[in-house]
Amino acid sequence: MSIKTIILILTTTMMMNGCKGQTQAPVVRPATQANRFYTGDARELSEEVDSFLALHKDDAKYSNVAAVIVPHAGYYFSGNVAASAYMAIDPKKQYKRIFLLGPSHHEWLDGASVNTEADWYATPLGNVKVDHEMTVALTNTIATPHSQRENSVFRYRPEAHDREHCLEVQLPFLQRSFKEVPPIVPIVISTNDYEKLKRIAEALKPYFTDENLFVISSDFSHYPSYEDAYEVDARTGKAIETGDVEEFIATINANARSGKRNLATSACGEFAIITLMLMLDRQYEVKHLMYQNSGDIDNHDHSRVVGYHSFAILRKDNASFALSDADKKVLKDIAFNSIRDSLDGKPIAQPTLTSYLSPLTSKCGTFVSLHKHGHLRGCIGHFGEDYPLHEIVAEMARAAAFEDPRFMPVTRDELNDLDIEISVLTPMRRIQSLDEFELHRHGIYIKKGYRSGTFLPQVADEVNWTKEEFVGHCSQDKAGLGWDGWKDAELYVYEAIVF
């Protein structure tokens, strides 16, 4: 037997047995909803989707779309409304990846499932790539600093994805809207545990940046009459437009108590919408695009309908973030009252804000420093964009007074001798080059995989480093990435408002 024949036999055997070390065939999640929610014929599907998109060719286009909320019913019913969302996205805008968030219609998860198995999602128009590295990274993400919560908020539940239509039906629209569809991150959310939803949002927040698009899949009212659907969906839509997650939840609950006949839900994707809204602050604008319900389609049955909204979430310029003297005074009062109330054994009280658009609702990092007769008496900070500013200032003031391990807890006798200094970190902005970083003005945040680190802007005032040295030290000393590790990491800048 020749050497060539032996090699051929060994190679064939290894392929048949799936020998370790051989490249495995990619896993393709099949188009399970073709010929159900949309046609399975590629030519007909392209024509159908294009016809819906053409209805909105003259609609306004936005280059700053951070997310869209789109329906997921059969194209005959919701295709027009879905197209209004996709056509709002500037076709010149390039995204690195697309996060797809939607509800589970078949399995109760009490959490979130991200598809770590599939390498591609199939549709009649071809395959859409999955960002496998990102899906795995999410399942390894610990979305809270609390040690008792050791597991990621995400896991993979195959049954959550196998038959689910809410994400799949978005793909043909993406394929016809983008010349090349960015890799997707498929996430199914099914839990009414608000704390879990907060943890999911916290884990996703670092990726809620200008380079990524979030697609939230949800229909709205299910099965009321045509007239009741218009009433209920109008309330729900207005609540989403406020950007206030508490207003949205309150509206959903009020609708459930309204006694509307056959109203099964106000939004089947409410948990995905809540997750999105938990990531919003005043740096975002929610723009309503379109509404219809199934009764509007060819005079369809008006006795039992389903509602369809579309929204675009637009990212504002971070340069607009500012605090007035009145805002600063409110925050100083919040910090002082937090310490005083703790000494009195009371819970932290929060102010009544007149507007959700107040800067005090923005999700920012904050450091609170206490001084007594010119000497440091405590300093604690929180670097993150997961809590409203007014809440995190109260928490950090209390922590600085009673939890800084370098000092004994503040006593009541010291209360009136304390000087409170607050450093508010403005929302982070992704940069692509060090040319966008200004020494002494900007803080730097470096993130790569599971490693991250930051230097506050004022660090530059304490050392005699160049811009490159500042970033190099942060990469090496804080993020643990090595001196040059920042060069292929994600870079973000922010400013500190100190008062």
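User: Which residues of α12 are buried?

Analyst: Buried means under 20% relative accessible area, exposed over 50%, and partly exposed in between, with a 1.4 Å probe and protein chains only. In this predicted model, the buried residues of α12 are Leu389, His390, Ile392, Val393, Ala394, Met396, Ala397, Arg398, Ala399, Ala400 and Ala401. Because 11 of the 14 residues of α12 are buried, the helix is largely enclosed by the rest of the structure. Residues are numbered from 1 along each chain as its sequence is written. Local features need pLDDT of at least 70 and side-chain atom pairs count only at pLDDT 80 or more, while totals for chains, interfaces and linings use all residues, and side-chain values use heavy atoms, with hydrogens and water left out.

User: What do the buried residues of α12 pack against?

Analyst: Contact means heavy atoms within 4.5 Å. The buried residues of α12 pack against α11 (325-343) and against the strands β12 (365-372), β13 (375-382) and β14 (418-425); helices (H or I, at least four residues) and strands (E, at least two) are DSSP runs, numbered from the N terminus.

User: Is Asn293 buried or exposed, and what does its side chain contact?

Analyst: Asn293, which lies in strand β10 (residues 284-293), counts as buried because its relative accessibility is 0%. A polar contact is a pair of N or O atoms within 3.5 Å; within protein, one must be able to donate a hydrogen and the other to accept it, and residues adjacent in sequence count only if both atoms are side-chain atoms. The side chain of Asn293 makes such a contact with the side chain of Tyr291 (3.3 Å).
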